[in-house]
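Please open the structure in your viewer and keep the selection panel at hand. The tour below moves from one selection to the next and says what is found at each stop.

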Amino acid sequence: MHVTITDNQPLVFRAEAQKILQDAQTAASICPVRHVLDRIGDKWSLLCILHLGATDTLRFNELRKQIGDVSQRMLTVTLRSLEADGLVQRHVYAEVPPRVEYQLTPLGHSLLVAFSGLGTWANAHAQEVAQARQAFAAREKSEG
C-alpha cells in the first residue's frame with residue numbers, strides 16, 4: 001500500500017494537537033493556547049486583524065465601516081485589547097480633529113499568517129458547514 005501525504009495528515013495533525021495540549025496542561029495557569037483563543041475567539045478581533053492585515057493602516061471609522069455591524073464601543077474595546085496584547089499599534093496625531101490610525105504590529109502580522117489557513121479553510125468549506133447546520137436544524141425540529 002502506498003501512503004501519501006494526504007493519507008498521513010490526520011496522524012501528523014493528531015500528534016501536533018497532542019503536543020500542544022500537553023504543553024498547555026503543563027502550564028495550565030498560563031496556557032498560551034487559551035490566552036490566544038480568548039483574544040481571537042471573540043466576535044470582532046479576528047475581523048479587525050484581517051481588515052488591518054489587508055491594508056497598511058486604517059483610521060477608526062474606516063475600520064468600522066469595513067467591518068460593518070460593530071458598535072463604536074465594541075470596536076474601541078476590541079482595538080484596546082489587541083493593542084494591549086501587542087497585536088495592533090495605535091497612532092494618535094495631534095490634529096484638530098484628532099486623527100487616530102491603527103496598524104498591525106509584526107506580532108499581529110505573524111498571527112495573520114496563522115489565520116490565512118483558517119480563512120482558506122472557511123472559504124473552501126462554507127457550503128458544507130451551511131449544509132451541516134441545515135441538516136442538524138432539521139433533525140432537531142423532527143426530534144423536538
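Which residue in E3 does Tyr93 stand opposite? Select Tyr93 and look across to E3, where Arg99 is the residue that stands opposite. Bear in mind throughout that this is a predicted model. With both side chains displayed, you can see that the charged end of Arg99 sits over the ring of Tyr93, at 3.8 Å from the centre of that ring.

Next, select residues 88–93 and 99–104, which are strands E2 and E3; the two run antiparallel and are joined by six bridges. Together E2 and E3 form a hairpin, with five residues between them.

Now widen the selection to the open sheet, in which three strands follow the order E1-E3-E2 with antiparallel pairing. Its edge strands are E1, at 58–59, and E2, each of which pairs on one side only.

Finally, turn to the largest pocket, which holds about 180 Å³ of space. Select its lining, which includes Arg59, Phe60, Asn61, Thr76 and Arg80, and also Arg99, already visited above Tyr93. Helix H4 (60–67), helix H5 (72–84) and E3 each supply at least two residues of this lining, and the largest share, three residues, comes from E3. Coloured by residue class, the lining divides into five nonpolar, two polar and four charged residues.

Terms used:
Residues numbered from 1 in each chain as written. Predicted model: local features only at pLDDT ≥ 70, side-chain atom pairs only at ≥ 80, totals over all residues. Heavy atoms only, no water. Pairing = 2+ DSSP bridges. Helix = DSSP H or I, 4+ residues; strand = E, 2+ residues; numbered from the N terminus. Lys NZ or Arg CZ within 6 Å of the ring centre and 35° of its normal. 1 Å grid on protein atoms, 1.4 Å probe; cavity = no way out; pocket = protein on both sides within 12 Å on 5 of 7 lines; lining within 4 Å. Points joined across faces, edges and corners; volume = space filled by probe spheres on them. Nonpolar A, V, L, I, M, F, W, Y, C, P; charged D, E, K, R; others polar.
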